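Here is a short briefing to keep beside the viewer while you look around. Take a moment with the sequence and the fold, then read on.

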Amino acid sequence: MVDSLKILITGGAGYIGSHACVVAAEAGYEPVVLDSLINSNPIAIQRVGDIIGEKPVLEVGDVNDRAFLDQVFKRHQFAAVIHMAGLKAVGESTEQALRYYSNNVGGAMALCEAMAAHGVGNLIFSSSATVYGDAAEMPVSEAAPRSATNPYGMSKLMVEHILEDQVKADQHTQQHFWNIACLRYFNPVGAHPSGKIGEDPRNIPNNLAPYIAQVAVGKREQVSVFGDTYTTIDGTGVRDYIHVMDLVDGHIAALNYLLKRESGFSAWNLGTGKGYSVLQMIAAFEAACGKPIPHQIMDKRSGDIAECWADASKALSDLGWRATRDLEEMVADAWRWQENNPDGFGQ
Ligand code: NAD
Ligand code: UFG
């Protein structure tokens, strides 16, 4: 029986984590953030406090540091953990494979060991649509075969297998300790409607939406469109962009589900079920900010797939969750954040 509504959010100072703090607090949970700040700024946590009226506790440290984890688990009694801490740049992962495995796989294992030692078995893991590799059929469902084409994707897939095996081990030993959800995110974009928190990439953005936003605000000259010869609506890559507020709402739905279930393993796609092309994204941003976004067609980016969008029906039937915000709202919120904070949280 859970006697605390404290939720540990690792990586909670990051883009998705800071939004998760807001909705967790609004749903009646008390978020506690654990973050090394390797890719985030503590000002994000202050801003979360501005939105929800109370600044969440921030425990600064590394999820690979078992002694630090023990201190955190002794200080707080958690009902569940949302594990978002991780490195996420696909290109960087191909050059720093060991660092990615060590941080993402090692971090998840250290966290699970600490959870087991402190009697916390409810876990939500930030997985990714990247675990479907280059899926043969769209929309892609949770039952599709999994594969990975880069160390980042492989680190997510490895953690999924480790978590699945933990639950199987429980079943073999007649225990009912682990209660785990892997949430496979499609392409999160947008920001909290207040414009106080949002995506703040440290260097040149790897992803399309923050890149467009930085061009729109005048920080970068033009968007490179990576290829226009895919067999898609206009030849450019198609993705399932999901508003970050919908994405984090999906975590609360999963959390509520886990807290009612004794144990087990589940995976859910968090996407909208709709795909948009690069050119459609650019056009949507142009409409939101009221100015043209200079862009140029370039070569395909190596490792990219043509299209990917979710079959999100399992999350609807199991969790009663579905994305409700459309592309217009995603880009309007992304633009509000970028326009109000041209330098992000300030470096
Ligand atoms: P982010 O980089 O903004 O947030 C991740 C946070 O984790 C950062 O605050 C960083 O400082 C922290 N962190 C990294 N390694 C750590 C460690 N060893 N110990 C403690 N803190 C550590 O990224 P995000 O976009 O918010 O992504 C959150 C999670 O969602 C990540 O696990 C990412 O792989 C996953 N994900 C993201 C996307 C996306 O497109 N943004 C898509 C699919 C999955
Ligand atoms: N793109 C451009 N120009 C850019 C950036 C991207 O044309 O400057 C294109 C890409 O070629 C692709 C689309 O925009 O067609 C989306 O690219 P992103 O880099 O924004 O997103 P990806 O789908 O490639 O990957 C992202 C994350 C992965 C994650 C995946 C699924 O980077 O980590 O979404 O969640 F696994």
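The notes below go through some helices, their contacts and a few backbone details.

This is a predicted model. Two helix pairs get a closer look: H9 (residues 278-289) with H11 (residues 327-340), and H3 (residues 66-75) with H5 (residues 97-117). Helices H1 and H2 are described by their buried residues, and a cis peptide bond between Met-138 and Pro-139 is noted as well.

**Helix H1 and its surroundings**

- Helix H1 covers residues 15-26, and its 12 residues reach 18 Å from the first C-alpha to the last, close to the 16 Å expected at 1.5 Å a residue.
- H1 is mostly covered, with 10 of its 12 residues buried.
- Those buried residues are Tyr-15, Ile-16, Gly-17, Ser-18, His-19, Ala-20, Cys-21, Val-22, Val-23 and Ala-24.
- Just after H1 comes Gly-28, with a positive phi of about 100°.

**Helix H2**

- In H2, the buried residues are Ala-44, Ile-45, Arg-47, Val-48 and Gly-49.
- They pack against H1, S2, strand S3 (57-60) and H11.

**Helix pair H9 and H11**

- The axes of H9 and H11 come within 9 Å and cross at roughly 60°; the two helices are therefore oblique to each other.
- The crossing in which H9 passes H11 is right-handed.
- On the H9 side the contact is made by Gln-280, Met-281, Ala-284, Phe-285, Ala-288 and Cys-289, and on the H11 side by Leu-327, Val-331, Ala-332, Ala-334 and Trp-335.
- By class, the residues of this contact are 10 nonpolar and one polar, with no charged residue.

**Helix pair H3 and H5**

- H3 and H5 pack with their axes 10 Å apart, at an angle of about 40°, and are therefore oblique to each other.
- H3 passes H5 in a right-handed crossing.
- Arg-66, Leu-69, Asp-70 and Phe-73 of H3 meet Ala-110, Leu-111, Glu-113, Ala-114, Met-115 and Ala-117 of H5.
- The contact of H3 with H5 has seven nonpolar residues and three charged ones, with no polar residue.

**Backbone details in the loops**

- As background for this group, most residues other than glycine have a negative phi, and most peptide bonds are trans.
- Leu-37 has a positive phi near 65° and is found in the loop between S2 and H2.
- Is Leu-37 buried or exposed? Its relative accessible area is 18%, which is under the 20% cut-off, so Leu-37 counts as buried.
- Gln-174, in the loop between H6 and S6, also has a positive phi, near 55°.
- The relative accessibility of Gln-174 is 67%, over the 50% cut-off, so this residue counts as exposed.
- The peptide bond from Met-138 to Pro-139 is cis, with omega near -5°.
- Pro-139 sits in the loop between strand S5 (122-128) and helix H6 (151-172).

Key. Residues numbered from 1 in each chain as written. Chains lettered and ligands numbered in written order. Predicted model: local features only at pLDDT ≥ 70, side-chain atom pairs only at ≥ 80, totals over all residues. Heavy atoms only, no water. Helix = DSSP H or I, 4+ residues; strand = E, 2+ residues; numbered from the N terminus. Expected span 1.5 Å × (residues − 1). Buried < 20%, exposed > 50% of the residue type's maximum accessible area, 1.4 Å probe, protein only. Axes fitted to C-alpha atoms, helices over the stretch in contact; angles between N-to-C directions. Parallel < 35°, antiparallel > 145°, perpendicular 65-115°, else oblique. Left-handed = near helix turned anticlockwise from the far one by under 90°. Contact = heavy atoms within 4.5 Å. Nonpolar A, V, L, I, M, F, W, Y, C, P; charged D, E, K, R; others polar.
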